[in-house]
Amino acid sequence: MTNLHEIIEPYVDIDGGLMPALHAIQEEEGYISKDAISELAKAFNYSNAEVLDVLTYYDDFTLEPLGRNIVRICRAEACQSLKSKELTDDLTSHFNLSLDETTADSKITLKEVFCLGNCALGPSVMINETVIGEADKSKVIKFLNEIDE
Ligand code: FES
């Protein structure tokens with residue numbers, strides 16, 4: 001088990017050390033737990049609410065463990081016009097999840113994103129680091145099965 005204190009320690013005496021400490025915890029643990037919030041508050045002399053305010057302001061951090069594969073569906077205008085809403089409905093219904101939820105086997109977390117720079121080939125989906133254009137349900141499921149059987 002990771003020792004939160006050890007992760008936080010190198011950042012405590014640095015100006016603005018809270019942000020790199022949050023990144024280090026997110027990297028190590030995959031999310032920011034309640035225990036981590038308390039440890040950070042103690043170490044940086046903030047209240048728990050202040051730490052929570054900072055981490056919920058940025059999209060980089062999550063309060064729940066994420067799945068092994070993050071599926072981000074583009075919901076920006078160009079992809080909306082190319083049926084990303086329908087794709088979202090197809091995927092949420094196939095995986096029986098809402099956006100920002102993770103499957104019980106921790107395989108998949110569904111998220112929305114606003115533009116992946118692939119507008120002409122929408123609807124676009126990013127699975128982990130890979131952007132998939134002209135995405136549909138079967139393309140997404142096939143890709144997921146190939147990378148995580
Ligand atoms: S609007 Fe979806 S990739 Fe740009």
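Two remarks on conventions come before the structure itself. Residues are numbered from 1 along each chain as its sequence is written. Because this is a predicted model, local features are given where pLDDT is at least 70 and side-chain atom pairs count only at pLDDT 80 or more, while totals for chains, interfaces and linings use all residues.

Let me begin with the overall layout. The secondary structure comes to 7 helices and 4 strands, where helices (H or I, at least four residues) and strands (E, at least two) are DSSP runs, numbered from the N terminus. Read from the N terminus on, the elements follow the order α-α-α-α-β-α-α-β-β-β-α. The domain assignment, which is automatic or from a database, gives domain 1 as 4-57 and domain 2 as 69-147, and the centres of domain 1 and domain 2, taken over C-alpha atoms, are separated by 30 Å. Along its principal axes, the C-alpha trace spans about 50 × 30 × 20 Å.

Of the 149 residues, 24% are buried; a residue is buried if 20 or more other C-beta atoms lie within 10 Å of its own, exposed if 12 or fewer, and partly exposed in between, with C-beta atoms placed from the backbone. Among contacts with a separation of 6 or more, 58% come from residues 24 or more positions apart, a contact being two residues whose C-beta atoms, placed from the backbone, lie within 7 Å.

The 4 strands form an open sheet in the order 2-1-3-4 with mixed pairing, two strands being paired if DSSP finds at least two bridges between them. Strand 2 (108-113) and strand 4 (130-132) are at the edges with a single partner strand each, so one side of each has no neighbour in the sheet. On average, and with direction ignored, neighbouring strands of this sheet are turned by 25° against each other. Strand 1, residues 69-74, pairs with strand 2 in the parallel sense over 6 bridges; within this pairing, Asn69 has Ile108 as its bridge partner, and Ile70 stands opposite Thr109. Towards strand 3, residues 125-127, strand 1 runs antiparallel and is joined by 3 bridges, and here the bridge partner of Val71 is Ile127.

What lies across strand 1 and strand 2? That element is helix 6, residues 84-95, which runs at about 150° to strand 1; axes here are lines fitted to C-alpha atoms, for helices over the stretch in contact, and angles run from 0 to 180 degrees between N-to-C directions. The 12 residues of helix 6 should span 16 Å at 1.5 Å a residue, and its end C-alpha atoms are 16 Å apart, which agrees; the expected span is 1.5 Å times one less than the number of residues.

The buried residues of helix 6 are Ser84, Leu87, Thr88, Leu91 and Phe95. They cover an arc of only 100° around the axis, which puts them on the same side of helix 6, the arc being that of the directions from the helix axis to the C-beta atoms. An α-helix has 3.6 residues a turn, so residues three or four places apart point the same way. This buried side packs against strand 1, helix 5 (77-81), strand 2 and helix 7 (137-147), whereas the face turned away from it carries the exposed residues Asp89 and Ser93. Lys85, also found in helix 6, counts as partly exposed, with 14 C-beta neighbours inside 10 Å. Just after helix 6, Asn96 takes a positive phi of about 55°.

In the loop between helix 6 and strand 2 we find Leu99, which is partly exposed, with 15 other C-beta atoms within 10 Å. Leaving aside neighbours within four places in sequence, Leu99 is in contact with Thr92, Leu110, Lys111 and Glu112.

Finally, I come to helix 3, residues 34-44, in which Ala36, Ile37 and Leu40 are buried. Seen down the axis of helix 3, these buried residues fall within an arc of 100°, so they line one face of the helix. What covers them includes helix 1 (4-8), helix 2 (18-29) and helix 4 (48-57), while Lys34 and Asp35 are exposed on the other side of helix 3. Just after helix 3, Asn45 takes a positive phi of about 60°.
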